Amino acid sequence: MLTQIATSEIVKQQRRFFESGKTNDVAFRIETLKRLKQAITDHETAIAEALQADLNKPKFEAIASEIAFCREEIDYALKHIKSWTKPKKVSTPVNLFPAKSQVIAEPLGVVLIVAPWNFPFQLAMVPLIGAIAAGNCAIIKPSEVASHTSNLIADLISKTFNPGIVKVVEGGKETTQQLLAEKFDHIFFTGGTQVGKIIMKAAAENLTPVTLELGGKSPCIVDSNIHIEHAARRITWGKFINAGQTCVAPDYLLVHSSIKEQLLAAMKQCLQEFYGENPANSPDYARIINDNHYNRLSQLLEAGEIVVGGETDAAQRYIAPTIIDQVDWDDAVMQEEIFGPILPVLEYEELEEAIASVNACPKPLALYFFSKDRATQKQVLQETSSGGTGINDTIMQLMSPELPFGGVGNSGIGAYHGKASFDTFSHQRSILTQSFLLDIKLRYPPYEGKLKFLNWLFK
Ligand code: NAD
């Protein structure tokens with residue numbers, strides 16, 4: 001672990017670089033983004049291997065959800081950066097005539113990015129892309145829990161960038177706390193709600209703005225009016241990709257009682273299609289990140305009746321894709337975010353019941369609703385709140401750079417991806433430029449005799 005002095009020195013070095021004004025230059029940002037893209041391409045095999053070592057992440061998932069995802073974000077930023085950085089002219093009220101108004105997106109300065117372990121590459125790199133596009137210098141603290149990916153990120157960044165622009169500081173919570181003692185211009189944190197509170201408290205000491213990308217229990221409500229086969233496939237995939245260790249995975253199923261048996265049978269079928277007779281032998285099924293999470297998840301298997309799965313292997317940190325029926329809201333599996341391959345199933349008769357159950361919990365990061373009926377879709381949107389929503393699909397809402405990704409309430413503060421990333425790491429500076437041509441005296445004292453005109457102006 002670095003000493004506090006060494007940590008301070010890294011921040012100072014970045015501040016000096018920022019103050020040199022180099023990152024203000026859009027051409028410099030474009031060059032930096034291109035270098036990052038090239039480095040990702042050059043390290044593609046090493047990234048996939050690190051993800052395999054940490055999570056047994058299949059290469060297909062490593063490329064689709066981490067490596068290619070980052071490259072797409074870079075391409076999107078490169079395509080739009082010139083228009084994002086252009087000053088935006090806005091209209092000026094007549095009483096300010098002949099002034100002109102504009103808004104410019106200004107870089108914030110030196111930012112801190114703290115990442116979690118579940119998509120350990122992507123969740124460190126995508127915020128970095130936004131930070132660079134917006135003209136900031138950044139320090140990244142990857143998750144120590146995904147240690148192979150953390151080492152890989154440190155190596156990739158140190159080989160690619162001057163530490164004054166981007167620097168990786170590896171370590172656990174003590175390292176984060178050391179970093180938090182420094183003054184940053186923004187802190188971008190992805191992780192659990194409890195740690196999010198620690199980050200926000202520390203940021204408050206320096207009045208540092210935060211983006212908190214947190215988690216929670218994301219419900220998946222399934223109406224009776226659906227395409228069973230498509231719904232089953234999309235829910236099964238969304239739940240068990242990365243062995244359920246996905247912040248927007250459907251945490252639990254709330255299914256209409258009339259369709260429950262059919263849906264569960266179809267999901268069982270999907271599991272067999274995806275991972276074969278025994279998912280432990282599938283090259284496409286990930287493992288639990290560490291023993292702590294393995295032990296935590298194993299205990300959650302005790303609720304209800306297992307429909308499929310339930311098998312475990314401590315040596316491999318393997319937990320089979322598991323669906324549990326007959327679960328109650330009081331069961332341990334319903335008390336916390338599962339963050340693993342266990343899907344509890346609850347049923348409802350009336351949609352209002354399902355909505356009331358969801359609304360009794362903190363606002364989730366994602367809410368999924370499956371129904372062909374437009375009026376019912378509208379009702380769910382109107383009567384619930386969530387960071388993002390997938391209607392008749394899971395997870396895919398975060399694949400569009402046009403859709404800001406973030407939570408609400410306990411699931412987070414702020415959003416990113418695409419333009420939202422650029423906005424997150426920018427300050428919108430408002431500028432009014434007055435002319436010397438006129439100087440209307442209405443606003444200046446003495447005010448005697450001017451009130452009538454003022455009333456007329458603002459009527
Ligand atoms: P975590 O909160 O335990 O750790 C996240 C980061 O914070 C790590 O870098 C870790 O080193 C650091 N950290 C941990 N404890 C700390 C402390 N006491 N003080 C300072 N820093 C500390 O989260 P995790 O276990 O890595 O990830 C799982 C959680 O993240 C889940 O709740 C999941 O839903 C959430 N998550 C959210 C998103 C999102 O985009 N909203 C994405 C992935 C994960």
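This short talk goes through the ligand site and then a helix pair in this structure. The model is predicted, so that local features need pLDDT of at least 70 and side-chain atom pairs count only at pLDDT 80 or more, while totals for chains, interfaces and linings use all residues. Residues are numbered from 1 along each chain as its sequence is written, and side-chain values use heavy atoms, with hydrogens and water left out.

Let me begin with the ligand. Turning to polar contacts, meaning pairs of N or O atoms within 3.5 Å, an N or O atom in the side chain of Lys141 is 2.8 Å from an oxygen atom of the ligand. A ligand nitrogen atom lies 3.4 Å from an N or O atom in the side chain of Thr176, and a polar side-chain atom of Gln177 is 3.1 Å from a nitrogen atom of the ligand. Of the 840 Å² that the ligand exposes when taken alone, the protein buries 90%, with areas from the Shrake-Rupley method and a 1.4 Å probe.

Now the helices, which are DSSP runs of H or I with at least four residues, numbered from the N terminus. Helix α3 (residues 44–55) packs against helix α6 (residues 147–160) at about 155 degrees, their axes, lines fitted to C-alpha atoms over the stretch in contact, being 7 Å apart. The two are therefore roughly antiparallel, the term for angles over 145 degrees on a scale from 0 to 180 between N-to-C directions.

Technical notes: Polar contact = N/O pair within 3.5 Å; in protein donor to acceptor, adjacent residues only side chain to side chain. Parallel < 35°, antiparallel > 145°, perpendicular 65-115°, else oblique.
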